[in-house]
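This report takes up one model, from its overall make-up to a single site. The sequence and the structure come first.

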Amino acid sequence: MSKKVQGNDSFQRINYLYQISKQMCTKNPGLSSYYGNLIVNIAKKNVLKIHPDIKRQICKTCRCMLIANVTAKTKIRSKKKSKIIEWTCNTCGAKRSIPVEKNKDYSLWVDRPEAVVEVIN
Ligand SMILES: [Zn+2]
């Protein structure tokens, strides 16, 4: 239990940086990458697992936020029996594929009010 509380500060920071990064990605991709990088570094330093919903939105190459049809193109492909969503980062062109099963509750968590520490307008 105490371990969970300890990690809370870092989770809140990650959440906060995530909000900024998401808002920056259309206006300033460079800054979005910077905050994306910070998120990954905080998580590494504190040995935290970034929530899969957030992790999926950070480009592995440039660490910009990937937002469907805004900062990334998405394509649904059928692979064998399963479907995958292919994401192409508009900033650096990197591609990543995410199985649809994993996307079942996609975007739900980050859109829940409790996931938001502070929304910057
Ligand atoms: Zn990228």
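The text below covers the chain as a whole and then its metal site.

The model is predicted. Its protein chain holds four helices and three strands. Read from the N terminus, these elements follow the order α-α-α-β-β-β-α.

Of the 121 residues in the protein chain, 36% count as buried. The accessible surface of the protein chain is about 8100 Å², and carbon and sulfur atoms account for 53% of that surface. Contacts within the protein chain were also sorted by sequence separation: among those between residues at least 6 apart in sequence, 48% join residues at least 24 apart.

The metal site is a zinc ion. Which residues coordinate the zinc ion? The ligands are Cys59, Cys62, Cys89 and Cys92, each through its SG atom, at 2.3 Å. Along the chain, these donors are spaced as C-x2-C-x26-C-x2-C. The angles among the four donor atoms run from 105 to 114 degrees, and the site of the zinc ion is tetrahedral. That assignment holds because four donors count as tetrahedral if all angles lie between 85 and 135 degrees.

| Residue | Relative accessible area |
|---|---|
| Cys59 | 3% |
| Cys62 | 16% |

Conventions
Residues are numbered from 1 along each chain as its sequence is written. This is a predicted model: local features need pLDDT of at least 70, side-chain atom pairs count only at pLDDT 80 or more; totals for chains, interfaces and linings use all residues. Side-chain values use heavy atoms; hydrogens and water are left out. Donors are N, O and S atoms within 2.8 Å of the metal (3.2 Å for Na, K and Ca); water is not among the atoms, so sites may look incomplete. Four donors count as tetrahedral if all angles lie between 85 and 135 degrees; four count as square planar and six as octahedral if opposite donors are over 155 degrees apart and all others between 65 and 115; anything else is irregular. Buried means under 20% relative accessible area, exposed over 50%, partly exposed in between (1.4 Å probe, protein chains only). Helices (H or I, at least four residues) and strands (E, at least two) are DSSP runs, numbered from the N terminus. Contact means heavy atoms within 4.5 Å. Accessible areas come from the Shrake-Rupley method with a 1.4 Å probe; for residues, only the protein chains shown count as cover.
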